[in-house]
Amino acid sequence: ITQNMSFLRNFFLYKCLFSLTFWNHVSLSVEGELFISVSNNFPEDGSNHNIKTLPLLYTKSKTKVDWVVIQNATESLSLSEITDDNVKELLALLSNFRQGSRLQDLTLTNVSVDWNALMDIFQTVWHSSIEYFNISNVIQLSDIERYDFDYSGTSMKALTLNKIQITDLYFSQDDLYRIFADMNIADMTIADSEMIHMLCPSSKSPFRYLNFLKNDLTDFLFQECDNLLQLETLILHKNKFESLRKVSFMTSRMKSLTYLDMSNNLLRHDGADVRCQWAESLSELDLSSNQLADAVFECLPVNVKKLSLQNNQISNVPRGMVELKSLEELNLASNRLADLPGCSGFTSLQFLNIEMNLILTPSADFFQSCPRVRELQAGHNPFKCSCELQAFIGLERQSGGKLFGWPAAYVCEYPEGSRGTELKDFHLSQLACNTTLLLVTALLLTLVLVAVVAFLCIYLDVPWYVRMTWQWTQTKRRAWHGPPGDQGLVLQFHAFISYSERDSLWVKNELIPNLEKGEGCVQLCQHERNFVPGKSIVENIINCIEKSYKSIFVLSPNFVQSEWCHYELYFAHHKLFSENSNSLILILLEPIPPYLIPARYHKLKALMAKRTYLEWPKERSKRPLFWANLRAAISINLAKADENCYEDVG
């Protein structure tokens, strides 16, 4: 065998069949039943190098076996399946690795021994060359009792215990916890072991690193403990701590503590002016996955540089809290925040994580209030894509890539129509998002609309028509609700004549004589003889139009200049549409140039464009035909009126 394996001793075979093979591993077997397997790092070229790793698997055999001892050859050794049946062989093996040997790393897995045997293993390791001792899946079988442990002269630096099961339910805490509390090593881990307590070391401890994750430790741990002055890292992840104030007092006497992990506990802090006192040296604190609310900011170490408050119940970062001037990294992910926090209390902040909160429209002035921030993680929030968000979207361009996870992590959640849209693809017009511009535009449009309406009202004389409509309505109402004799106007005239006073000579000398004294006995309503004294002119006009079958309008340039003629035309036109009758007769006495017709006479323009009118002929030879046509227009459905005419004549 090579010089790397100087000798094999205390090894016995039952049936004298021995097989030893070297090909990147060593295998020792007993007639088909493997009980020890040794793997190592032999070089393939067969060069003379020392073995550095030697995992061993011990399995029961039908015969008595001893341990393989490879002295001065390996740095790392792994042993498994340690029981009361073979623990003496293990102790014999370990006793060969005295201080000065190459073995530095020992791992024991699946250990099931009584208390004294377990302590013997620790004691043997303590006085060996081993520096790093890892032991997992341990079941302690017998009662725990006092053990005088000798800590002197050790090479140990770090101890890791994982999944230690204590079967003794009634024991003195000093007998168990004092063994580990007084260990003179730098690093110790006791994990996933249902440990409920740990004592303060009896004297100044060299502990620099303590890891008690996944246990059942409570607020009573290390209270008023003055002997952990060199402790730098303390991990209490997944325990049962409840009071943040007590945790702060626990650290207050740890003068060298820089890192504390209190994540996944049950921590609360109610505030109410409760004073907290942290180690001044503490620079990194993990309080994630607890039950902390806004009051937590009243109980934080003032010199902390890295702080994690992820997955708590924080809804607001209060103003006026204690300033954390040294804070550089803050994790507020998975809380209940509705907006980005300001940096008034974090003047040195460089990294902020605020993902998975309740932020709809984050403030766009964040980087102005936090000029030192180099990276902002604000993705995976339920963003409401609206005008308020437009300014925040512009931060990506302004910040120069400070938004971590952009654009995939920044997606619209509201409104429904924009859900799933990345913020970089969401756009609204400047008019829709600028309130001032929108108000100015709306005001201008309103002014323009008012101006247009005012112009049209003036141009079309809308107030005049409104006033006339109101008078028409009032007159009709009085007619229907007046005395019995006035209710229900009776038709008394064949036609009402509307003309300008300047055309009165033609009306009196030509129109009235030819219609009333000629054939047909036409009864005409003329304002001079038929208007009722005491009534208003408008009311008289309306009554005369209502009592007449037809309305004759004598059109001329004088007509369009008369206000009253306009009234009469309006009311007659109103009757035309309200009763769906054909009651208008237009006589064009003189041609009317279009420019003379006022804008408000648009109804007259419409009537002259759509309706046939009779034009007064200048030649006397054509006048008989004019009168015949006029009588024909008036004589439609006048049988009853004719009877009245004959009665009046008689």
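Student: Are F383 and Y410 buried or exposed?

Tutor: F383 and Y410 are both buried, where buried means under 20% relative accessible area, exposed over 50% and partly exposed in between, with a 1.4 Å probe and protein chains only. This is a predicted model, where local features need pLDDT of at least 70, side-chain atom pairs count only at pLDDT 80 or more, and totals for chains, interfaces and linings use all residues. Residues are numbered from 1 along each chain as its sequence is written, and side-chain values use heavy atoms, with hydrogens and water left out.

Student: How many aromatic pairs are there?

Tutor: The count is 17 aromatic pairs. Rings of Phe, Tyr and Trp (its six-membered ring) pair if their centres lie within 6.5 Å; planes under 30 degrees apart are stacked, over 60 edge-to-face and the rest tilted.

Student: Why is the pair of F383 and Y410 stacked?

Tutor: Their ring centres are 5.9 Å apart and the planes are at 20°, so the pair counts as stacked.

Student: And what about W506 and W616?

Tutor: That pair is edge-to-face, with 5.1 Å centre to centre and 80° between the planes. Both W506 and W616 are buried.

Student: New topic: what does S556 touch?

Tutor: Leaving out residues up to four places away in sequence, S556 touches D503, L589, E590 and I592; contact means heavy atoms within 4.5 Å. S556 is buried, with a relative accessible area of 0%.

Student: Which residues do ring pairs link into a cluster?

Tutor: Ring pairs link W126, Y147, F149 and Y151.
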